[in-house]
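Dear colleague,

I am writing to hand over the structure that follows.

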Amino acid sequence: MPSGARPGPHVVLAGGGTGGHIEPMLALADALTRRTGSTGGDAPDLAPRVTCLGTARGMETRLVPARGYDLRLIPPVPLPRKPTVDLLRVPGRVRRAVGETRALLTELGADVVVGFGGYVALPAYLAARRAGIPVVVHEQNALPGLANRIGARLAARVAVTVPGTPLRGAVHVGMPLRTSISGLDRAARRAEARAAFGLDADRPTLLVFGGSQGAASLNRAAVSAADALTAAGVQVLHARGPKNTDVAVPARPAGAAPYVVVDYLDRMDLAYSAADLALCRSGAVTVAELSAVGLPAAFVPLPIGNGEQRLNALPVVEAGGGLLVADADLTPGWIAAELVPLLTDPARLAALAGRAAAAGARDADERLADLVLGVVRP
């Protein structure tokens, strides 16, 4: 440690389980570790220390170490969705998880706990409360889950992605995003991106994707509309999902617009740069990324659950930055009637892109870091 420097606060992040919890957690971790601050003297404060909490069953066991952060494991507390006999075991599981998590927070010397919802966050909230450690909650979806509804009652600050999210005392900050997305200049990367996917340089481009595993209804509709799209000069980049190997499009005639099918997109920055419009689901991270980079979309909310995907997309759609179509209404005919005219109208596309960008937030990681460090006791 440099002479005179003060150690940074120890921030413990709880956000395991799915990518929707983990990615914003890691974006906040990156923002925190960029901070050095100042003591007001000659020597700077050290950057905050960051430890992530997770369980052995989640994607965090792979994603967190790959980004260079320390991961400590706690017992999961899954909550049954229906009243079964398993519900009777929940109190015992909660007590065990809270006890182990509190001991871990004491060992780490945690100054603040930040939770992103899910079965990792709930025991972290309760353990921090018992240990007298301030809690900050970040909710990614328009409808908060049970863990964050409980956490918000215990928290010093509550931050949300979607304005109007029903959590007490909530402050809108947006979704923390990777800097490769939040700092993306799509126009500057367009030529490189289209070349990387084997697309033509100057054709209007539709990006089709349905999350990391693909989406069957999007795959069916887009493939069936391939002739209408390419006949109009629209080229397509379509991520079908790694298990959907039966999703294919016959080769286009020489000189026709390309229709490129891939299993998975591991460079979303390039995919967003290549596209003029996206056809996709409306998970919280997807909506936040698209609006942040100013890429308009036709959102097709997942037709199960509590309707949160529709609510995630509504602010962007109501701002004029995208379209909304129900999964049951997504047909090849709808794509031909609605998306082909849009993709071949550059002025309309540009207006949509501008309104999508105005609805987005590129600095949510920094805004959430400010909020977190603001509750750390001196």
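The paragraphs below describe the chain as a whole and then one residue within it.

Please note that this is a predicted model.

Overall fold. The protein chain contains 15 helices and 13 strands. Its radius of gyration is 22 Å, close to the 21 Å that the globule rule gives for 378 residues, and the chain is therefore as compact as a globular protein of that length. Taken along the principal axes, the box filled by the C-alpha atoms is roughly 65 × 60 × 35 Å.

Of the 378 residues in the protein chain, 52% are buried. Among contacts with a separation of 6 or more, 64% are between residues 24 or more positions apart.

Ala 326 has a relative accessibility of 40%, so it counts as partly exposed, a class that lies between buried, under 20%, and exposed, over 50%. Pro 301 is 25 residues away from Ala 326 along the chain, and the C-alpha atoms of the two are separated by 6.5 Å.

With kind regards

Technical notes: Residues are numbered from 1 along each chain as its sequence is written. This is a predicted model: local features need pLDDT of at least 70, side-chain atom pairs count only at pLDDT 80 or more; totals for chains, interfaces and linings use all residues. Side-chain values use heavy atoms; hydrogens and water are left out. Helices (H or I, at least four residues) and strands (E, at least two) are DSSP runs, numbered from the N terminus. The radius of gyration is taken over C-alpha atoms; the globule rule is 2.2 Å times the number of residues to the power 0.38. Buried means under 20% relative accessible area, exposed over 50%, partly exposed in between (1.4 Å probe, protein chains only). Contact means heavy atoms within 4.5 Å.
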